[in-house]
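Here are a few notes to read alongside the model.

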Amino acid sequence: MAIGDLARRVGMRTSALRYYESVGLLPPARRVAGRRVYALAAVRRVALIRMAQRAGFTLAEIGRLLDSGADRGATRQWRALAARKLPELDRFIADAQALRDAVADCLACGCMNFDDCQLLAPAPPDGR
């Protein structure tokens with residue numbers, strides 16, 4: 001399939017697909033009349049890349065995972081990457097929950113005046 005067709009199927013820009021190819025996340029496309037043509041398997045590969053990105057993996061980490069390919073170490077490598085990523089994701093979730101709670105507290109306060117809001121006041125020296 002042409003790069004434009006792949007881009008439409010996966011909901012990405014062609015420039016992103018060309019970048020993925022340039023950094024080795026996508027295998028080099030065949031050239032037909034000077035245009036990139038991808039195998040149907042590229043749809044699944046892009047889906048895997050995007051899922052891993054949503055899970056917080058960097059492109060470098062995704063590249064290492066994909067480099068292991070179908071060899072026997074791929075599952076073991078995925079497990080090791082995932083195990084290292086979980087604490088990072090837990091911290092991200094905790095930080096996001098703290099931000100959500102702060103916004104909810106601000107809404108519940110109801111003062112609607114940032115200058116006088118007790119939630120925004122600096123903590124006293126004794127920490128209370």
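**Notes on the predicted model**

1. Ala 2 is partly exposed, with a relative accessible area of 35%; buried means under 20%, exposed over 50%, and partly exposed in between (1.4 Å probe, protein chains only). Ala 2 sits in the segment before helix H1 (3–10). Its C-alpha atom is 10.0 Å from that of Thr 14, twelve residues apart along the chain.

2. A word on the basis. This is a predicted model, in which local features need pLDDT of at least 70 and side-chain atom pairs count only at pLDDT 80 or more, while totals for chains, interfaces and linings use all residues. Residues are numbered from 1 along each chain as its sequence is written, and side-chain values use heavy atoms, with hydrogens and water left out.

3. Now the overall layout. The protein has five helices and two strands, taken as DSSP runs numbered from the N terminus (helices H or I, at least four residues; strands E, at least two). From the N terminus on, the order is α-α-β-β-α-α-α. Of the 128 residues, 23% count as buried.

4. Which residue has a positive phi although it is not a glycine? That is Ala 33, at about 55 degrees. Most residues other than glycine have a negative phi. Ala 33 lies in the loop between strand E1 (30–32) and strand E2 (35–37), and is exposed, with a relative accessible area of 80%.

5. The largest pocket holds about 190 Å³ of space. A pocket here is an open set of points on a 1 Å grid over the protein atoms alone, where a 1.4 Å probe fits, with protein on both sides within 12 Å along at least five of seven lines; lining residues have an atom within 4 Å of a point. The volume is the space filled by probe spheres set on the points.

6. Who lines this pocket? Helix H3 (residues 41–54) gives the most to the lining, with three residues. The lining includes Pro 27, Pro 28, Tyr 38 and Arg 45. By class, the lining has nine nonpolar residues, no polar ones and two charged; Ala, Val, Leu, Ile, Met, Phe, Trp, Tyr, Cys and Pro count as nonpolar, and Asp, Glu, Lys and Arg as charged.

7. Finally, the surface. Leu 48, Met 51 and Trp 78 make a nonpolar patch of about 240 Å²; patch residues have over 30% relative accessible area and no salt bridge, with nonpolar side chains joined within 5 Å. A salt bridge is a side-chain nitrogen of Lys or Arg within 4 Å of a carboxyl oxygen of Asp or Glu. Met 51 belongs to helix H3 and is partly exposed at 35% relative accessibility.

Definitions and conventions:
Patches are made of residues with over 30% relative accessible area and no salt bridge: like charges are joined within 9 Å, nonpolar side chains (Val, Leu, Ile, Met, Phe, Trp, Tyr) within 5 Å. Accessible areas come from the Shrake-Rupley method with a 1.4 Å probe; for residues, only the protein chains shown count as cover.
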